[in-house]
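Hi everyone, thanks for making time this morning. Please have the sequence and the model open while I talk.

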Amino acid sequence: MKPLKLTMSAFGSYADTQTIDFTALGANGLYLITGETGSGKTTIFDAISYALFGKASGTSRNKYQMLRSDYVEGRVDTFVDLDFAVGDAAYNIRRAIVPHIARKTAEVSYTDKVELTLCDKTVVSRESEVASKIAEIIGLDRDQFAQIVMISQNDFLRFLQSGTEERVRILRSIFNTSALKYFQESLKTRSKELSGLLDICRHDFERHRVDPYKRDERFIEWEAQIKTDEAALAEADEDWSEHEARKTRLAAETALAAELSKKFDVLEASRATLAEHAAKERETELLTERRNRGEIALRRVKPFADRAAETGKQHEEARLGLAQARSGAQAASAELENAKHALAELPPFEAAQAAFEALKQEHGEAKSLLAKLTALKTDYAAIAVKRSELKTSQSEFETLNADFNTTDDRRKAIEEAFLRAQAGILAADLADGLPCPVCGSPVHPA
């Protein structure tokens, strides 16, 4: 980042508008800002840092009370306007301190108003978008910028004394070496993977008692042994195939013998059964003759018996039907009388149909209302839980906010008193001939 032009109004120790044209100082990009103590050197750093990041360059400067000049007369706006370049692209950023006076208490509060003009003339005014664009353009945050871009007071010493991780991160961001870091990490990961694979191979060699440096000789021995074993295995396979074929033949012969044995057993059983049937042949003939005579008698008598049974059944059914018909006739007569009375009392058909449609519509509306009430009941229960949680959180927030405001007011008062007395504290120990701890001068005329 290279500053081109800086304009300050009612800022710091400058009561009126001051403009610094850095382009008039040359194109080398390195500027020395020097002067007496209190001449406004740090104010320039504050203005550049405030314009870019919304904060002063130091860590002990109140943002609004210290940055707005105490020597301003009248209603003069406090702002910083900075033209700067990154590479071949030029940008402009303007940040102003806007006062707000409360109507009832006349208490003054301040806010920032910022506008960033990009190289394509696009204007960004939202604070979050401006902060994101500045970080994208410059590549540094406010602390890193103060340590390495503007070498003010002890900020560069803080960069030198910062931890290795912080310095590496800053320098990597400046020189854009993130790709090299990724490549280095990739090489480390690949090396670790290959080292692990090598350990596995060595472990396998040790498990098989093989010298890694004589592995080729051992491989040749193993290959010869494998060939010998393959030949023996082929012979064993041939023997096994012959045994399997013989086993198949024996199984077929065994199955055939078992089938013949079963057939012989069936034949013996059939012979025994035939002898029994031959012994009972006469008994069978007598039973057959008795059956024939019984069938003849049954064919002559059975039709009469069946007809008598059917007639008795029909008579009983007719008797039961007559009794049921008499009972049904009486019930039907009573129902007819009731129906006549009910029909006389019924309203006209059109009115009944209209009433039914109205009841049907009311039922649908009641059903819809019941569904809504059920949903509202569920929502009300959830809202009650949320209100309870909100009340608890609000109570905690009010307590913590009150503690914070009290502590912050004390801190601001102590910080402002320290800053306003700092020059007197430094001047108390000054003596001619001894260097000033701020500017290094051995002479102290004031």
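I'll go from the overall picture to the sheet, then to the core and a few single residues.

A word on the ground rules. This is a predicted model, in which local features need pLDDT of at least 70 and side-chain atom pairs count only at pLDDT 80 or more, while totals for chains, interfaces and linings use all residues. Residues are numbered from 1 along each chain as its sequence is written, and side-chain values use heavy atoms, with hydrogens and water left out.

Let's start with the whole protein. It has nine helices and six strands; helices (H or I, at least four residues) and strands (E, at least two) are DSSP runs, numbered from the N terminus. Of the 446 residues, 16% are buried. Here buried means under 20% relative accessible area, exposed means over 50%, and partly exposed is in between, with a 1.4 Å probe and protein chains only. The accessible surface comes to about 35100 Å², and carbon and sulfur atoms hold 57% of that. Those areas come from the Shrake-Rupley method with a 1.4 Å probe, and for residues only the protein chains shown count as cover. If you take the contacts (heavy atoms within 4.5 Å) with a separation of 6 or more, 49% of them are between residues 24 or more positions apart.

Now the sheet. In which order do the six strands sit? The order is S2-S1-S3-S4-S5-S6, in an open sheet with antiparallel pairing. Two strands pair if DSSP finds at least two bridges between them. Strand S2 (14-21) and strand S6 (123-124) are at the edges with a single partner strand each, so one side of each has no neighbour in the sheet.

Let's walk through the pairs. S1 and S3 are joined antiparallel by seven bridges, and here Pro3 sits opposite Phe84 in S3. Next, S3 and S4 pair antiparallel over nine bridges, with Asp81 facing Arg94 in S4. These two strands make a hairpin with two residues between them, and Gly87 in that turn has a positive phi of about 70 degrees.

Moving on, S4 and S5 have 10 bridges, again antiparallel. His100 has Ser109 in S5 as its bridge partner, and Arg94 has Glu115 in S5. Their hairpin has six residues between the strands, and Ala106 there takes a positive phi near 60 degrees. Finally, S5 and S6 pair antiparallel over two bridges, with Thr117 opposite Val123 in S6.

What lies across this sheet? Helix H1 lies across S1, S2, S3, S4 and S5, running at about 100 degrees to S1. For that angle, axes are lines fitted to C-alpha atoms, for helices over the stretch in contact, and angles run from 0 to 180 degrees between N-to-C directions.

That brings us to the core. A nonpolar core is a set of buried Ala, Val, Leu, Ile, Met, Phe, Trp, Tyr and Cys residues joined through side-chain atoms within 4.5 Å. The largest one has 31 residues, and Leu6, Leu52, Ile93 and Ile134 have the most contacts inside it. Strand S1 (2-11), helix H1 (41-53), strand S3 (78-86), strand S4 (89-101), strand S5 (108-117) and helix H2 (127-138) each supply at least two of its residues. H1 gives the most, with seven residues.

The structure holds two aromatic pairs. In one of them, the rings of Phe84 and Tyr91 have centres 5.5 Å apart and planes at 20 degrees, so this pair is stacked. Rings of Phe, Tyr and Trp (its six-membered ring) pair if their centres lie within 6.5 Å; planes under 30 degrees apart count as stacked, over 60 as edge-to-face and the rest as tilted. Both Phe84 and Tyr91 are buried.

Ala10, in strand S1, has a positive phi near 50 degrees without being a glycine. Lys121 is not a glycine either, and has a positive phi of about 70 degrees; its place is the loop between S5 and S6. Which one is buried and which is exposed? Ala10 is buried, at 0% relative accessibility, whereas Lys121 is exposed, with a relative accessible area of 67%.
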